[in-house]
Amino acid sequence: MSSLLFRFQNYANSFDYPSERGHMEPQMASGMLMTFRMIEPLQTNRERRLAWLNNHLGQLGFKPEVCDKISDWLVENFEKEQAEAQLAEVTQ
């Protein structure tokens, strides 16, 4: 997950971050990823993941079109990581 965490943080920070700090901090990115892993409906339902993430990013002040880009990127990469982990379990 640490690789995905850093890639997500870097991707989100490639947009204008609407915070006084000017960037997404690791704990914010980590919290979003941990929420994906801990809440069952977000683990199994792509549309709920996208909706939750768009809402969360919007609350942080990202513009809607940026929310869509970041959400799509994170959900796609999160799903890819999950599939790779499942494949690794099967092949062991």
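1. Start with Met-24. Setting aside residues up to four places away in sequence, Met-24 touches Phe-8, Gln-9, Ala-12, Asn-13, Tyr-17, Ala-29, Met-32, Leu-57 and Phe-62. Contact here means heavy atoms within 4.5 Å. Met-24 sits in the loop between α1 and α2. Its relative accessible area is 0%, so Met-24 is buried. Buried means under 20% relative accessible area, exposed over 50%, and partly exposed in between, with a 1.4 Å probe and protein chains only. From Met-24 to Met-34 the step is 10 residues in sequence and 16 Å in space, C-alpha to C-alpha.

2. On the basis of these notes: this is a predicted model, in which local features need pLDDT of at least 70 and side-chain atom pairs count only at pLDDT 80 or more, while totals for chains, interfaces and linings use all residues. Residues are numbered from 1 along each chain as its sequence is written, and side-chain values use heavy atoms, with hydrogens and water left out.

3. The fold. The chain has 5 helices and 0 strands. Along the sequence the pattern reads α-α-α-α-α. Helices (H or I, at least four residues) and strands (E, at least two) are DSSP runs, numbered from the N terminus.

4. The core. The largest nonpolar core holds 23 residues, and Phe-8, Met-24, Phe-36, Leu-57, Phe-62, Ile-70 and Leu-74 touch the most other members. At least two core residues come from each of α1 (2-13), α2 (26-38), α4 (46-60) and α5 (64-91). The largest share, 7 residues, is from α5. Such a core is a set of buried Ala, Val, Leu, Ile, Met, Phe, Trp, Tyr and Cys residues joined through side-chain atoms within 4.5 Å.

5. Thr-35. This residue belongs to helix α2. Thr-35 counts as buried because its relative accessibility is 19%. Beyond its neighbours within four places in sequence, Thr-35 is in contact with Leu-42 and Trp-52.

6. Overall dimensions. Along the principal axes, the C-alpha atoms fill a box of roughly 45 × 25 × 20 Å.

7. Of the 92 residues, 33% are buried. Among contacts with a separation of 6 or more, 57% join residues 24 or more positions apart.
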